[in-house]
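Visitor: Could you take me on a close look at the aromatic rings in this model, and at how they pair up?

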Amino acid sequence: MTWRVLVRRFRDAENRPLAARNLARHALRAAYARMLRLYHPMRSAARECSVQLRIAAAWPLGFLHSTHQVVERYDDPEQLLGADVALFVHFDAEGRVLPATRAFLSGLAQTGLSIVFVTNSGFILEEDKAFLREHCRSILIRRNLGYDFGAWRDALDTLGLPRADTRAVYLVNDSVYGPFTDLAPLLATIDFDQADIWGVTESWQHHYHLQSFFLACGETAIRSQSWRRFWASVRPIPCKDWVIRHCEIGFTRALAKGGITTAALFPNESLLDRAELDRLEQVVAADDEADGQNARLRAEAVHAERILFYAQREPVPLNPSIDLWRQLLQAGYPFLKRELLLRNPTRVADVFEWEEVVSQSLHADPQPLADEIRQSLGTRLAEVWNDPAGIRPKDAA
């Protein structure tokens with residue numbers, strides 16, 4: 001909302017005290033936004049220095065261990081890997097395959113993909129192995145070294161992928177909940193004649209890249225020299241910053257340098273089009289009219305203001321799988337980031353509405369997943385979900 005509109009509303013308002021408070025609130029927001037523009041570069045520089053120091057310290061350690069850490073392997077004796085292979089990376093400290101992960105694997109299996117389950121847990125409970133054998137062509141149990149990219153490299157090497165008949169390799173991990181809907185229509189939109197590698201979402205944080213929780217890599221990509229060079233460079237370096245910079249961000253950049261084309265199924269520009277930006281401005285205006293007295297509307301407005309602030313920058317440096325969770329669901333995206341619902345590290349203000357949005361936008365039942373998360377979070381539920389009503393979990397004392 002512009003200053004001109006606010007001043008006009010102040011002049012025309014019957015309730016001058018309320019209009020004055022709205023004008024003052026807008027002035028404070030503008031001052032805060034200006035302060036962020038000055039502070040952000042300094043904070044980013046300090047953070048980048050810290051990241052590079054951690055990477056430099058951890059990098060030599062990646063050469064102390066082999067890239068091959070598989071300790072147990074199972075292959076379905078009745079079915080060989082098909083032409084389209086999904087390498088699904090999993091981790092659970094207690095060796096469990098939780099209900100949400102089972103739902104994800106079941107959804108993948110229904111699309112006809114040959115699933116290779118790769119766990120960094122070091123072991124899997126026997127009762128869960130039975131489920132995996134029903135849904136997966138191969139199971140690789142490995143030591144927890146190298147994060148998801150280390151596991152993907154290990155699986156590619158162990159299984160000799162791509163094989164002569166391999167048409168596509170899907171790189172998938174369990175960092176998202178879902179799918180809330182059938183995956184087949186989503187996968188049907190992947191066209192390897194239009195792009196060699198498809199991600200579900202894209203990000204401009206640090207550098208442009210496809211987010212790595214679901215990558216579809218076609219035959220041109222998986223048989224290219226840049227593909228082989230990239231995976232040869234992946235080492236079990238014990239530093240998440242290195243994995244993010246060199247692997248998640250580096251994957252897109254390395255393949256693109258080799259002439260491999262990339263695209264996203266849910267590009268940022270389609271999520272933040274003019275109609276959506278107008279809707280966000282209306283949310284902020286409605287909160288001004290309510291004078292911040294509606295707690296749910298206030299939370300929505302706080303996050304809307306954050307998106308609008310970053311939308312003024314080009315390219316938009318947001319993490320769409322977290323910051324644009326609502327826009328993604330409304331566009332038909334069938335996942336939610338686990339980190340958003342379990343930790344909410346960036347304090348997304350309106351995440352408490354996720355069940356309602358899943359139900360309305362995807363016509364799916366979020367209750368089983370919500371119950372699982374409620375049990376996991378316990379008394380931390382209201383804090384993590386930023387619930388303005390302070391709703392306690394159903395089983396809390």
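Guide: Gladly! Two rings of Phe, Tyr or Trp (its six-membered ring) count as a pair if their centres lie within 6.5 Å. Keep in mind that this is a predicted model. Ring pairs of this kind join F88, F104, F117, Y170, F213, F214, F266, Y333 and F335 into a cluster. By this rule the count comes to 21 aromatic pairs. Take W204 and Y208: their ring centres are 4.8 Å apart and their planes meet at 55°, so this pair is tilted, because planes under 30 degrees apart count as stacked and those over 60 as edge-to-face. W204 is partly exposed, at 37% relative accessibility, and Y208 is likewise partly exposed, with a relative accessible area of 21%.

Now turn to F230 and F251, an edge-to-face pair with 5.2 Å from centre to centre and 75° between the planes. This pair links distant parts of the chain, since F230 belongs to helix α8 (residues 225–233) and F251 to helix α9 (residues 240–257), 21 residues apart. F230 counts as buried because its relative accessibility is 3%, and F251, at 2%, counts as buried too; the cut-off for buried is under 20% relative accessible area.

Rings here also have charged neighbours. R102 lies over the face of F131, at 4.7 Å from the ring centre. In the case of Y74, the charged end of R133 sits over the ring, 5.0 Å from its centre.

Notes:
Residues are numbered from 1 along each chain as its sequence is written. This is a predicted model: local features need pLDDT of at least 70, side-chain atom pairs count only at pLDDT 80 or more; totals for chains, interfaces and linings use all residues. Side-chain values use heavy atoms; hydrogens and water are left out. Buried means under 20% relative accessible area, exposed over 50%, partly exposed in between (1.4 Å probe, protein chains only). Helices (H or I, at least four residues) and strands (E, at least two) are DSSP runs, numbered from the N terminus. A charge sits over a ring if NZ of Lys or CZ of Arg is within 6 Å of the ring centre and within 35 degrees of the ring normal.
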